Amino acid sequence: MTPPQKPSSLCSNTLWSNTLGWWLVAPVLLGLILFTWLPTVASLGLSFTHWDMLGAPQWVGLHQYQTLLMDPLFAKVMTQTLWFVVLVTVFELILGLGLALWLHQQATRSAKWIQWLSFTPVVAPLVSVALVWGWIYDPATGLLNQLLQWVGALNWLNGGQPMVWLYDERTALGALVALHVWKHVGYTVILFLAGLQAIPDSVLEAAKLDGASGLKALSKITLPLLWPTVVFVVTVTLINTCQTFDSVYLLTRGGPNNATTLWVFWLVKLAFEQFNIGAAAALGVLLFVLLAGLGLSQKHFQNSN
Amino acid sequence: MRFFPTDYRVAAAWPWLAGGLLIFLLLGFNRCNQVLPPIPQGETVTLTLSTWGGAQELATLRHQLVRFEEEHLRIRVHVSHIPESYLTKLHLLAVSNLLPDVMLMNSWQVPPFASHGLLEPIKLPTKEARTFFPTALKSLQVNGQLMAIPRDVSTLVVLVNTDVLRRFGVPYPSRHWTLEEMGRLNQKILQAQPKTPLSEKVYPLSFYREPPLYWLPWVWGNSGQLWDNHGCFNLHTPKATKALADYMRLTAQGHAPLRKDSARTTMTQLFLQQRLAFLVTGRWTVPLLREQARFNWGVWPLPAGQAGSTTGVDATGYVIAKVSQHQREARELVDFLTSERVLYAQATSGLLVAARSSVAKKTLANEPAFYRVVRKSIATGQPTPSHAQWPEVEAALAQALEPYWDTEATPEQLSTALQPLAQRFCHNTHGGFSS
């Protein structure tokens with residue numbers, strides 16, 4: 001007969017054993033409270049004040065929101081951010097999905113290399129990426145203008161004059177979109193590949209037996225089954241792109257003529273260059289509401305499917 | 001064994017967590033308002049000194065501080081070197097009530113801090129004050145009170161690539177040149193290279209959109225002012241907007257590079273590449289030019305407008321934080337750092353012009369031409385205008401003027417664009433203008 005086991009000393013205290021889980025998550029929870037939840041609540045409070053970080057915040061009610069909404073730059077920044085987010089998301093979605101579908105069908109070594117290459121920019125630090133792209137876009141010595149001149153496209157584009165990609169209001173935002181798509185498309189490819197690998201082969205084989213192949217199988221089987229991944233990719237890309245700051249800071253500083261001033265860049269400028277913390281907090285709250293809305297709609301989409 | 005309670009008894013755990021968090025926060029907040037008792041006599045005091053600057057400047061400073069510590073055995077100095085985003089970091093330190101005891105600040109950084117009572121006003125004996133350039137002292141005053149002892153003064157001058165002028169057969173500017181004369185010389189430089197491709201074009205003049213310090217001399221030279229006598233924004237008035245429109249037109253007329261033409265190349269780089277005849281800059285560029293310029297160049301004052309040659313005089317000095325627990329020791333450090341011998345050591349690096357006129361004369365003895373120009377600019381210049389809300393003013397100016405750079409904007413257009421600033425920065429201000 002086995003003697004009855006003595007309860008471990010760790011569990012002897014009921015309160016301790018009941019709350020152990022909480023103690024284990026406490027460091028993370030504390031971090032979340034201190035560095036995420038409290039600042040979020042503080043931002044909401046600060047958005048109703050005028051504060052330059054030197055004196056005490058002064059209560060101004062909804063003044064910061066009113067000023068922001070009446071500022072012509074607000075409409076410009078909103079529109080630009082929207083364009084930027086939509087363009088990056090659409091291109092990443094199309095390129096990522098296309099590349100993932102192609103890679104999924106290939107079993108060759110070169111396909112593996114292409115998959116690896118497409119992911120390389122994701123792990124490259126943005127600071128070095130921005131430096132390289134700054135050189136690519138350089139009007140005088142940049143790779144892009146050299147290529148365009150070589151194929152004779154500069155004559156058609158700009159009457160033979162070099163294009164000033166980052167210093168021309170018409171092209172600066174597009175130049176940033178290209179950088180972002182190049183930098184992040186590898187991540188989208190990986191997500192789509194994971195989604196594609198989760199689709200059982202038997203479903204596709206059954207569809208093949210029923211005569212559905214090629215485009216029909218793609219539109220009727222693959223894409224519907226990939227829908228949750230698409231929704232996830234779109235939401236994550238939208239949320240990440242909405243928060244773009246570093247590439248703008250490194251390449252254009254929001255110029256020319258604020259043509260590349262995006263939401264978060266403006267927020268940082270308001271807070272840490274103009275020391276208008278109230279306005280920056282109000283902008284942050286508006287962005288929070290927008291992103292929360294996006295997150296909730298993603299949840300809604302996924303639940304409905 | 002139940003390591004993780006399956007029912008997650010929030011009720012049991014929550015008071016512990018909340019209690020822990022409360023203690024943590026109370027300890028944290030308590031630190032913010034902690035008032036340390038004064039250090040008893042005889043104990044060592046450690047002062048924090050914040051500064052920006054490059055490696056050479058920092059090395060000179062550290063060397064001087066070693067001497068200071070040798071002479072003041074009770075005082076140790078910890079240097080907080082902030083090479084980037086200096087003002088932002090000082091704001092963050094101010095929020096945490098952790099401002100360094102002594103800070104290096106320039107004339108436009110002082111008013112925001114002074115207007116919130118974060119700096120200790122400084123009294124300077126009259127005899128001592130006389131050894132400084134009066135404009136330097138004036139530019140560090142807020143509401144008539146001196147807030148810093150000046151270390152150096154900076155003023156804009158024009159560096160001229162004399163080889164370029166000779167190559168194009170353009171005469172040297174006269175020593176008392178005017179904006180009209182500059183315009184004529186610019187035109188000659190352009191006419192001398194009618195078919196030169198853009199990538200090889202030599203631009204007559206450098207051009208800056210920010211900070212306002214670079215284009216304000218054009219406004220002052222034409223009797224315009226950024227602030228009126230009552231401290232209200234005044235740049236939207238006809239004289240100022242006309243001068244500003246004239247300045248803006250320089251790029252549209254080809255006298256200076258358009259933003260898209262210079263792209264990432266700085267004006268100093270263009271000058272070093274011999275693609276610029278006149279570079280408007282300060283003393284800080286001189287050591288670089290001495291090292292890298294492969295051509296002859298000279299120093300001229302800024303050309304005069306109808307109201308004469310009026311450049312801004314920007315001073316940098318040491319301030320003492322009001323929260324410092326060691327006011328007396330901090331003042332000893334500031335006095336030491338602005339003493340003749342220390343200023344002499346720092347100014348010999350060539351990067352700065354000492355705020356004490358006697359030292360400036362001595363350190364620029366080998367450069368009589370440069371010294372003459374600087375002395376004259378300081379004498380005819382006016383203190384860089386600042387304001388308690390200067391970062392906001394600067395940002396609002398940048399935003400209002402941004403659409404008009406590189407265009408032939410009319411004074412009326414500029415006046416309309418600047419009108420909202422006149423409403424915003426007048427009665428609404430907290431005061432604290434530079435006198």
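Is B:N143 buried, exposed or partly exposed? B:N143 is partly exposed, because 15 other C-beta atoms lie within 10 Å; a residue is called buried if 20 or more other C-beta atoms lie within 10 Å of its own, exposed if 12 or fewer, and partly exposed in between, with C-beta atoms placed from the backbone. B:N143 sits in the loop between strand 4 (141–142) and strand 5 (145–146) of chain B. Helices (H or I, at least four residues) and strands (E, at least two) are DSSP runs numbered from the N terminus. The phi angle of B:N143 is near 50°, a positive value in a residue other than glycine.

This is a predicted model, in which local features need pLDDT of at least 70 and side-chain atom pairs count only at pLDDT 80 or more, while totals for chains, interfaces and linings use all residues. Residues are numbered from 1 along each chain as its sequence is written, and chains are lettered from A and ligands numbered from 1 in the order in which they are written.

The model scores ipTM 0.77 and pTM 0.81. For chain B the average pLDDT, the predictor's confidence in each residue from 0 to 100, is 85, and 88% of the residues score at least 70. Over residues 1–6 of chain B, pLDDT stays under 50, and the model has 10 contacts beyond four places in sequence for them. Residues 29–37 of chain B also have a pLDDT below 50, with 4 contacts beyond near neighbours in sequence. Two residues are in contact if their C-beta atoms, placed from the backbone, lie within 7 Å. Where pLDDT is low, the predicted coordinates should not be read in detail.

Chain B can now be taken as a whole. Its secondary structure comes to 19 helices and 13 strands, and 43% of its 435 residues count as buried. Among the contacts in chain B with a separation of 6 or more, 76% join residues 24 or more positions apart.

Chain B is divided into domain 1 (45–153 + 314–371) and domain 2 (157–312 + 387–424), with bounds from an automatic or database domain assignment. The C-alpha centres of these two domains lie 30 Å apart. Their contact takes 11 residues from domain 1 and 13 residues from domain 2. On the side of domain 1 that touches domain 2, helix 4 and helix 17 (368–380) of chain B each give two or more residues, and helix 4 gives the most, with 3 residues.

What lies in the interior? The largest nonpolar core has 107 residues, and those with the most contacts inside it are B:V102, B:V110, B:A136, B:M147, B:L244 and B:V319. A nonpolar core is a set of buried Ala, Val, Leu, Ile, Met, Phe, Trp, Tyr and Cys residues joined through C-beta atoms within 7 Å. Helix 10 (residues 238–252) of chain B supplies the largest share of this core, 7 residues. The core draws at least three residues from each of domain 1 and domain 2 of chain B. A second, separate core of 48 residues includes A:L46, A:V185, A:F192 and A:F275. In soluble globular proteins, nonpolar side chains tend to be buried together.

Leaving aside neighbours within four places in sequence, B:M147 is in contact with residues including B:V110, B:L119, B:I122, B:L140 and B:V319.

B:E84, in the loop between strand 2 (75–81) and helix 3 (86–95) of chain B, counts as exposed because it has 7 C-beta neighbours inside 10 Å. B:E120, in the loop between helix 4 and helix 5 (126–129) of chain B, is buried because 20 other C-beta atoms lie within 10 Å. Not counting residues up to four places away in sequence, B:E120 touches B:I320, B:K322 and B:Q327.

Helix 18 (residues 390–401) of chain B has buried residues too, among them B:W390, B:V393 and B:L397. The elements covering them include helix 4 (72–105) of chain A, together with helix 4 (110–115) and helix 19 (411–424) of chain B.

Finally, some backbone details deserve attention. The peptide bond from A:G255 to A:P256 is cis, with omega near -5°, and a cis peptide bond also joins B:E210 and B:P211, with omega about -10°. A:P256 lies in the loop between helix 12 (246–251) and helix 13 (263–272) of chain A.
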